[in-house]
Amino acid sequence: MTLELREFTDPQLMLMYSHGCEGAFDELFHRHRERLYRYLHRMTGDSHEAEEVLQEAFVRVARSADTYEPTAKFTTWLFRIATNRCLSHMKRRGRFKLLRFPKDMSEPEERNPYQKARDREVEEAFKKAVATLDTPLRSAYVLRELEDFSYAEAAKILALPLGTVKTHVRRARMAMRQKLSKELRTAQVATDETSLGKGR
C-alpha cells in the first residue's frame, strides 16, 4: 500500500525533501502556511508584509533541509525562523502598523446594530493594544496567548530563557488590561453619546 504524503510526520517530510522529494516540501508548506501566516499577520499588521516574511521563512526552511535535525518540534523550529525574519522586517520598518485582522473575524449578521458596533469597538481596542506592545512583549504574547504555544515552545522560538518569556507574557497581559480598559472606556463614551443622539 502506498502512503500519501499527509500521513508522514514533519521531520519525515523534511528528510524526504532533502533526498529530492519536492512534494514533501509542498506538503509542509500547505500544512503550516495558514497558521504561520496568521501569526505573521498579527505581528506585522500588514498582509503583504506577512506574505513576504512567510515566503522568506519557507525559503530558509528549504535551504536548511540538508542540515535539519529534529531536536525540537518542527513547528517550533519553523516559527523561530519566521520570528527572526519578522523581527528583522519590523526593525527596518522602525514602527508598528495597527493590526488589520482577517475578514473571517467579522460579526455574525444576526447581531443587532448596537452589539455589532460594540464588538467592533472591542476588536479595534484589542488591535490597538497589541500593536502598541514593545517588541519583546508582543512576540511572547502573540505566541503564547494568540497562537497557543506553550511557554517552553515560545522560549525556544524566541531563543530566550523560560523565565524571561513568562515575565514578558505577564507584563504584556498587564499592559493589555490597562490599554484595553482605557480604549474601551473611550469607545463606550462615544457609543453612548451616539446612541443618545439618535434617540433624541
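Where is the place of Asp-148? Asp-148 sits in the loop between H6 and H7. The model is predicted: local features need pLDDT of at least 70, side-chain atom pairs count only at pLDDT 80 or more, and totals for chains, interfaces and linings use all residues. Residues are numbered from 1 along each chain as its sequence is written, and side-chain values use heavy atoms, with hydrogens and water left out.

**Overall fold**

- The protein chain has eight helices and zero strands. Helices (H or I, at least four residues) and strands (E, at least two) are DSSP runs, numbered from the N terminus.
- Along the sequence, the pattern reads α-α-α-α-α-α-α-α.
- Of the 200 residues of the protein chain, 38% count as buried. Buried means under 20% relative accessible area, exposed over 50%, and partly exposed in between (1.4 Å probe, protein chains only).
- Take the contacts in the protein chain between residues at least 6 apart in sequence: 66% of them join residues at least 24 apart. Contact means heavy atoms within 4.5 Å.

**Helices H6 and H7**

- H6 covers residues 135–146 and H7 covers residues 151–158. Their axes come within 9 Å and cross at roughly 140°. Axes are lines fitted to C-alpha atoms, for helices over the stretch in contact, and angles run from 0 to 180 degrees between N-to-C directions.
- H6 and H7 are therefore oblique to each other. Angles under 35 degrees count as roughly parallel, over 145 as roughly antiparallel, 65 to 115 as roughly perpendicular and the rest as oblique.
- The H6 and H7 crossing is right-handed. A crossing is left-handed if the near helix is turned anticlockwise from the far one by less than a right angle, and right-handed if clockwise.
- On the H6 side, the contact uses Ser-139, Ala-140, Leu-143 and Arg-144. They meet Tyr-151, Ala-154, Ile-157 and Leu-158 in H7.
- The residues of this contact divide into six nonpolar, one polar and one charged. Ala, Val, Leu, Ile, Met, Phe, Trp, Tyr, Cys and Pro count as nonpolar, Asp, Glu, Lys and Arg as charged, and the others, Gly among them, as polar.

**Aromatic pairs**

- The whole structure holds eight aromatic pairs. Rings of Phe, Tyr and Trp (its six-membered ring) pair if their centres lie within 6.5 Å; planes under 30 degrees apart count as stacked, over 60 as edge-to-face and the rest as tilted.
- Tyr-39 and Phe-79 have ring centres 5.1 Å apart and planes at 45°, so the pair is tilted.
- Tyr-39 lies in helix H2 (residues 22–44) and Phe-79 in helix H4 (residues 74–93), so the pair ties together parts that are 40 residues apart in sequence. Both Tyr-39 and Phe-79 are buried.
- Phe-74 and Trp-77 form a tilted pair, with 5.7 Å centre to centre and 55° between the planes. Both lie in helix H4, three residues apart, about one turn of the helix.
- Phe-74 is buried at 3% relative accessibility. Trp-77 is partly exposed, at 23%.
- Tyr-17, Phe-25, Phe-29 and Phe-58 are linked into a cluster by ring pairs.

**Positive phi in loops**

- Asp-148 has phi near 65°, a positive value in a residue other than glycine. Asp-148 is exposed, at 60% relative accessibility.
- Ala-159 also is not a glycine, and its phi is positive at about 55°. Ala-159 lies in the loop between H7 and helix H8 (162–199). Its relative accessible area is 47%, so Ala-159 is partly exposed.
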